[in-house]
Amino acid sequence: MILKKKSQPKPSVVFDTYWKFATERQNIFFNRIAKQEVLTDDPIFLRHKFTNVYRASDRVSQYLIKDIIYQKENYSRQDILFRIILFKIFNKISTWQLLEEEIGNICVETFNFNEYCTILSEARKAKEAIYSGAYIMTSGKSIFGYDFKHENHLKLIEQYILKPRFLESIQNCKTLESLYSLLRDLPTIGNFLAYQYAIDINYSELTNFSEMDFVMPGPGAKDGIKKCFTSYGDYSEADIIRWVTDNQEREFKRLDLDFKSLGLRPLQLIDCQNLFCETDKYARVAHPDIIGYSDRKRIKQVYKSSKNEIEYFYPPKWKLKLP
């Protein structure tokens, strides 16, 4: 039997921009570490905010890794899982810091549904944003019955995440995809969030899967893929992300780009997934005539220099060494 060869994706002009974007954004990352006065001369980067090339390098991920997971406190595995999910549901550093100020040590023992609800309800009344705008979170009212989103999400934590059997199920997962599937089955958690949470849990010592095991394209990545390819051939969007990740060295070489990796760690599936999302945004200005699924025309976030320096820290199991 002769197997038919898969039809390859056909790149558009934006595909080259994808690799150029990755190279320049990573240059900005290292220029900032080196405290260079000029980070870039790219006018789009100078005006607009884009996430880091490596997901783990972003400010929120860094806070999660350093301050939530690898804190010096002697937290149990159940505590670590609780802290990760609590932080990621809101995905906002100021919300976590508010809870810490009011409660003190955030762990399973100090969790009280009514107390947490009161703190966050008061913040809402004071017109404080308690959720990040990065993810769209469903309210969960139809499942848990509370009027406010944060109440339903705290009930999700109480009824599912805090149960020892859920931690046991996580530790019984054999692959990143099985962890994703377990999380996806939780109320209010869809495909995209389940994948993001799986990656976050995998930063910890609770699991130890390769980030090359599995990928789930999000809405932004799908927009970027549509802009980067005029035809997908016989490939799914997840296939394209893997194809791009597997061929990164060849593509950087083809375009004569000096991409500076994170230590010896090449781009992983999660990073290339995120890069499609960021390329979608960049292309709104660089290639305004090329349209994605959402047909968005402008980049909302404006770049503002932060005075808060980050001392970069990555999961010790990665054994990364930065220059």
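A cavity is a set of points inside the protein where a 1.4 Å probe fits but cannot get out. I begin my notebook with that term, and I keep in mind throughout that the model I am reading is a predicted one.

**Entry 1: enclosed spaces**

I searched the whole structure and found three cavities of 30 Å³ or more. The largest cavity has a volume of about 70 Å³, and I noted its lining as Asp 223, Lys 227, Asp 280, Arg 284, Pro 288, Ile 290, Ile 291, Gly 292, Ser 294, Asp 295, Arg 296 and Lys 297. When I sorted these residues by class, I had three nonpolar, two polar and seven charged residues. Helices H12 and H15 each supply at least two residues of this lining.

I then turned to the second largest cavity, which holds about 40 Å³ of space. Its lining consists of Tyr 54, Arg 55, Ala 56, Tyr 203, Glu 211, Arg 265, Ile 270, Asp 271 and Trp 318, and I sorted them into five nonpolar, no polar and four charged residues.

**Entry 2: helix H12**

Since H12 had come up in the lining of the largest cavity, I asked myself how many of the 10 residues of helix H12 are buried. Seven of them are, so this helix, which covers residues 219–228, is largely enclosed by the rest of the structure. I listed the buried ones as Gly 220, Ala 221, Asp 223, Gly 224, Ile 225, Lys 227 and Cys 228. They pack against strand S1 (10–11), helix H1 (13–33), strand S2 (229–231), H13 and H15.

I followed H13 next, where Glu 237 lies in a helix that covers residues 237–246. Setting aside neighbours within four places in sequence, I found Glu 237 in contact with Pro 217, Lys 222, Ile 225, Tyr 232 and Tyr 293. I also looked up the C-alpha atoms of Glu 237 and Gly 218, which are separated by 9.8 Å, although the two residues are 19 residues apart along the chain.

**Entry 3: paired charges**

Side chains of opposite charge can pair when their charged atoms come close. I counted 15 salt bridges in the structure, and I looked at several of them one by one.

The side chains of Arg 55 and Asp 200 meet in a salt bridge at 2.9 Å, N to O. Arg 55 is in the loop between helix H2 (43–47) and H3, while Asp 200 is in helix H11 (residues 191–202), so the pair ties together parts that are 145 residues apart in sequence.

Arg 254 forms a salt bridge with Glu 251, and their closest N and O atoms are 2.7 Å apart. These two residues are both in helix H14 (residues 248–254), three residues apart, which is about one turn of the helix. Is Glu 251 buried or exposed? I found it buried, because its relative accessible area is 5% and buried means under 20%. Arg 254, in turn, is partly exposed, with a relative accessible area of 44%. I noted as well that Asp 16, Arg 250, Glu 251 and Arg 254 are linked in a network of salt bridges.

Glu 278 forms a salt bridge with Lys 281, with the closest N and O atoms 3.1 Å apart. The two are three residues apart in helix H15 (residues 269–286), and so about one helical turn separates them. I found Glu 278 buried, with a relative accessible area of 5%, and Lys 281 buried too, with a value of 15%.

**Entry 4: an open pocket and the core**

The second largest pocket has a volume of about 180 Å³. Helix H3 (59–69) and helix H5 (93–103) each supply at least two residues of its lining, and H3 gives the most, with five residues. By class, I noted three nonpolar, three polar and four charged residues in this lining.

Gln 62 is among the lining residues and is found in helix H3. Gln 62 is buried, with a relative accessible area of 1%, and its contacts beyond four places in sequence include Asp 67, Ile 310 and Tyr 312.

Last, I looked up the largest nonpolar core, which has 103 residues, and in which Leu 86, Phe 229, Val 244 and Phe 276 have the most contacts. Not counting residues up to four places away in sequence, Leu 86 touches Trp 96, Leu 99, Ile 106, Tyr 116, Leu 154 and Ile 157.

Terms used:
Residues numbered from 1 in each chain as written. Predicted model: local features only at pLDDT ≥ 70, side-chain atom pairs only at ≥ 80, totals over all residues. Heavy atoms only, no water. Core = buried A, V, L, I, M, F, W, Y, C linked by side-chain atoms within 4.5 Å. Buried < 20%, exposed > 50% of the residue type's maximum accessible area, 1.4 Å probe, protein only. Contact = heavy atoms within 4.5 Å. 1 Å grid on protein atoms, 1.4 Å probe; cavity = no way out; pocket = protein on both sides within 12 Å on 5 of 7 lines; lining within 4 Å. Points joined across faces, edges and corners; volume = space filled by probe spheres on them. Helix = DSSP H or I, 4+ residues; strand = E, 2+ residues; numbered from the N terminus. Nonpolar A, V, L, I, M, F, W, Y, C, P; charged D, E, K, R; others polar. Salt bridge = Lys/Arg side-chain N within 4 Å of Asp/Glu carboxyl O.
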